[in-house]
Amino acid sequence: MSAPRRGVLITGASGGIGRATALGFAARGDRVAVHFGRDRASAEATLALLPGAGHAIVQADLADPDAARALVDDAVGAVGELDVLVNNAAAAPSGGNVHRPDDGTFEDWAAAWQLMVQVNLLGAAHASWAFARHLIAREAPGAIVNVGSRGAFRGEADHPAYAATKAALHALGQSLALALAPHGISVTSVAPGFVSTDRQQSKLAGASGAALRSESPFGRVASPDDVAAAILHLASPEARWSSGAVLDVNGASYLRT
């Protein structure tokens, strides 16, 4: 007997880890709500790749608390009842948002912190609140998986706000795991290292590529599929007893005890 189809909301599913995760859930027969913030064309491209039926795209600016909360209702309206939330969307490090305390302007520093706190932490928190209330009202079990970062543990000199908000996201997940376990809701996080997404190809092709690949003893960086596989496992009912865990998915590029 096959498992029942689940409803899955993935934030930031226009590409990269989010797209790979959407493909993974859809391949298992689940209904996927593909969230995007601004890039509708890429979200539609993700949607077109998904096997099966019942999928949809949903839009929300996660920096807006009301929009982050309403996203869950919009997803329910689009694909039906939800069982899994993947908090993947993030304002991620790039060359344009380097914010070191020893370089740049205060305005750039403050803007980076404001954006990353609003999206990476508060957006995930507000979406998680709405998702948890959806499950509790249904008296249904479910799973939340947060996409954090190894930067939460090792630090990021050029992007301290990113590392700090990912550390906070891990801590949020553990607090939610305690609060939501009585309702049958598991909450876990993954902490990827460097991932070969489309927007990172210039780094991998440039002078820093060899150094990035050498960080892992496997001699490569992660693919989005590597991270998606971990997310799919943690979202499964079989992984419920891992609630509260933060799983390193970095190819042994950063080890902690």
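Modeller: Start with Ala252, in the segment after β7 (246-249). Keep in mind that this is a predicted model.

Colleague: What makes the phi of Ala252 worth a remark?

Modeller: Ala252 has a positive phi, about 60°, although it is not a glycine.

Colleague: Why is Ala252 called partly exposed?

Modeller: The relative accessible area of Ala252 is 36%. Buried means under 20% and exposed means over 50%. The value of 36% falls in between, so Ala252 is partly exposed.

Colleague: Glu139 also has a phi to report. What is its value, and where does Glu139 lie?

Modeller: Glu139 has a positive phi of about 55° and is not a glycine. Glu139 lies in the loop between α4 and β5 (142-147).

Colleague: How do you know whether Glu139 is buried or exposed?

Modeller: Glu139 has 76% relative accessibility.

Colleague: How do you know which way the side chains of β3 point?

Modeller: They alternate along β3. Ala56 and Val58 point to one face and are buried.

Colleague: What makes β2 and β3 a pair?

Modeller: Pairing needs at least two bridges, and β2 (residues 31-36) and β3 have four, so they count as paired. The sense is parallel. His35 stands opposite Val58 in β3. From β2 the chain crosses through helix α2 (residues 40-49) to β3, in a right-handed β-α-β crossover.

Colleague: Which residues have the most contacts inside the largest nonpolar core?

Modeller: Leu9, Leu82, Phe131 and Leu180, in a core of 30 residues. β3 (56-59), α3 (65-79), α4 (106-138), α6 (160-180) and β6 (185-192) each supply at least two residues of this core. A second, separate core has 26 residues, including Phe36, Val84, Val190 and Val227.

Colleague: What does Leu9 contact, beyond its neighbours within four places in sequence?

Modeller: Its contacts include Ala33, His35, Val58, Leu71 and Leu82.

Colleague: What volume does the largest pocket have, and which residues are closest to its centre?

Modeller: The volume is about 1400 Å³. Of the 48 lining residues, Ala90, Ala91, Ala92, Pro93 and Arg199 are closest to the centre. The largest share of the lining, four residues, comes from α1.

Conventions. Residues are numbered from 1 along each chain as its sequence is written. This is a predicted model: local features need pLDDT of at least 70, side-chain atom pairs count only at pLDDT 80 or more; totals for chains, interfaces and linings use all residues. Side-chain values use heavy atoms; hydrogens and water are left out. A nonpolar core is a set of buried Ala, Val, Leu, Ile, Met, Phe, Trp, Tyr and Cys residues joined through side-chain atoms within 4.5 Å. Buried means under 20% relative accessible area, exposed over 50%, partly exposed in between (1.4 Å probe, protein chains only). Contact means heavy atoms within 4.5 Å. A crossover is right-handed if, with the strands pointing away from the viewer, the path from the first strand over the helix to the second runs clockwise. On a 1 Å grid over the protein atoms alone, a cavity is a set of points where a 1.4 Å probe fits but cannot get out, and a pocket is an open set with protein on both sides within 12 Å along at least five of seven lines; lining residues have an atom within 4 Å of a point. Grid points are joined across faces, edges and corners, and a volume is the space filled by probe spheres set on the points.
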